[in-house]
Amino acid sequence: MNYSRMSKFTAVIAAVFFLLSACSKKASYDELIDSVSFRLDKVNRLKKGYEDSEEIKNLLEKALSESKKAVEIQPKSPDANGLYARVLFALGETQQSLFYAEASLSADSLNFHGNLAAGNVYRRIGDLQKAEFYIQRAVLSDSSDLYARYSLALLLQQRRKLKDAEDILEILVNEEPDNTRFLYSLAAVNEEQMDLIKAERLFKELSEKDPDDPELWRAYARLLEKGGDTTGAKVLYFRADSIEFSASED
């Protein structure tokens, strides 16, 4: 009788420990997913497209470690695999990124992270039709994500669907008027459509928001050249060179 009671007590204790362990793993997994999502969003907000800072590298290293742990905890999770795929893509690991994106989509074909990762991979390897399919599906899965919509706009620009790209970028600029990446891309799309007046207005606005960016001044200068203002373009090229020279002196 005592043995039976002890056996039941041991079983209860084991069950409690199992539940506590399961809860702990779930909490740890959720924290990892939230942290990776946060770090990727921060990377998107820091990255300009033509430079990788030390801060971005540190964020991606931490996101890589966390997303890998999330996959180890839940190997079949579409979110864990999709986030891991996005981090790998950001680090230049294209084939590995596609592998985990496919793992994510095999578990849930509408998973936001898996579709976004797959779309970015296909865009990088040049299959723009496939890229558009996956990124469109990512946007349908989460239309609130600014950078999924931004990725779609850039892809549409690349596919020469310039009016569609402009429509998306105008919405993004209205939502975040101080976001220089969105403004820059909208200016570039207007320039490609030869709406030079609108493009110049946007470049002027950009120069006021980010006056220490030499690449921005060079883009502005190229626009003035296109419009025939070679004197104004020379002034802006000189300003870009001066900014770089001052930075190298520091």
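The questions and answers below go through a predicted model, from its overall make-up to single side chains. Local features were taken only where pLDDT is at least 70 and side-chain atom pairs only at pLDDT 80 or more, whereas totals for chains, interfaces and linings use all residues. Residues are numbered from 1 along each chain as its sequence is written, and side-chain values use heavy atoms, with hydrogens and water left out.

Me: How many helices and how many strands does the protein have?
Reply: Helices (H or I, at least four residues) and strands (E, at least two) are DSSP runs, numbered from the N terminus. Read along the sequence, the pattern is α-α-α-α-α-α-α-α-α-α-α-α. The count is therefore 12 helices and 0 strands.

Me: What percentage of the 250 residues of the protein count as buried?
Reply: A residue is called buried under 20% relative accessible area, exposed over 50% and partly exposed in between (1.4 Å probe, protein chains only). By that rule, the share of the 250 residues that count as buried is 43%.

Me: Is serine 104 buried or exposed?
Reply: Serine 104 lies in helix α4, which covers residues 94-107. Leaving aside residues up to four places away in sequence, serine 104 touches Pro78, Asn81, Gly82, Asn111 and Gly114, where a contact means heavy atoms within 4.5 Å. Because its relative accessibility is 0%, serine 104 counts as buried.

Me: With the side chain of which residue does the side chain of serine 104 make a polar contact?
Reply: A polar contact is a pair of N or O atoms within 3.5 Å; within protein, one must be able to donate a hydrogen and the other to accept it, and residues adjacent in sequence count only if both atoms are side-chain atoms. The side chain of serine 104 has such a contact at 3.2 Å, and the partner is asparagine 111.

Me: Why is the pair of tyrosine 122 and tyrosine 134 called stacked?
Reply: Rings of Phe, Tyr and Trp (its six-membered ring) pair if their centres lie within 6.5 Å, and planes under 30 degrees apart count as stacked, over 60 as edge-to-face and the rest as tilted. The count by this rule comes to 10 aromatic pairs. For tyrosine 122 and tyrosine 134 the ring centres are 5.7 Å apart, and the pair is stacked because the planes lie at 10°. The pair links helix α5 (residues 112-125) to helix α6 (residues 128-141), the two tyrosines being 12 residues apart.

Me: Which helices hold phenylalanine 203 and tyrosine 220?
Reply: Phenylalanine 203 and tyrosine 220 form a stacked aromatic pair, at 5.8 Å centre to centre with 15° between the planes. Phenylalanine 203 is buried with a relative accessible area of 1%, and tyrosine 220 is buried at 10%. The pair ties together parts that are 17 residues apart in sequence, since the two residues lie in helix α10 (residues 196-209) and helix α11 (residues 214-226).

Me: Against which helices do the buried residues of α11 pack?
Reply: The buried residues of α11 include Leu216, Trp217, Tyr220 and Leu224. Two of these, Trp217 and Tyr220, form one aromatic cluster with Tyr184 and Phe203. The helices that the buried residues of α11 pack against are α9 (180-192), α10 and α12 (230-249).
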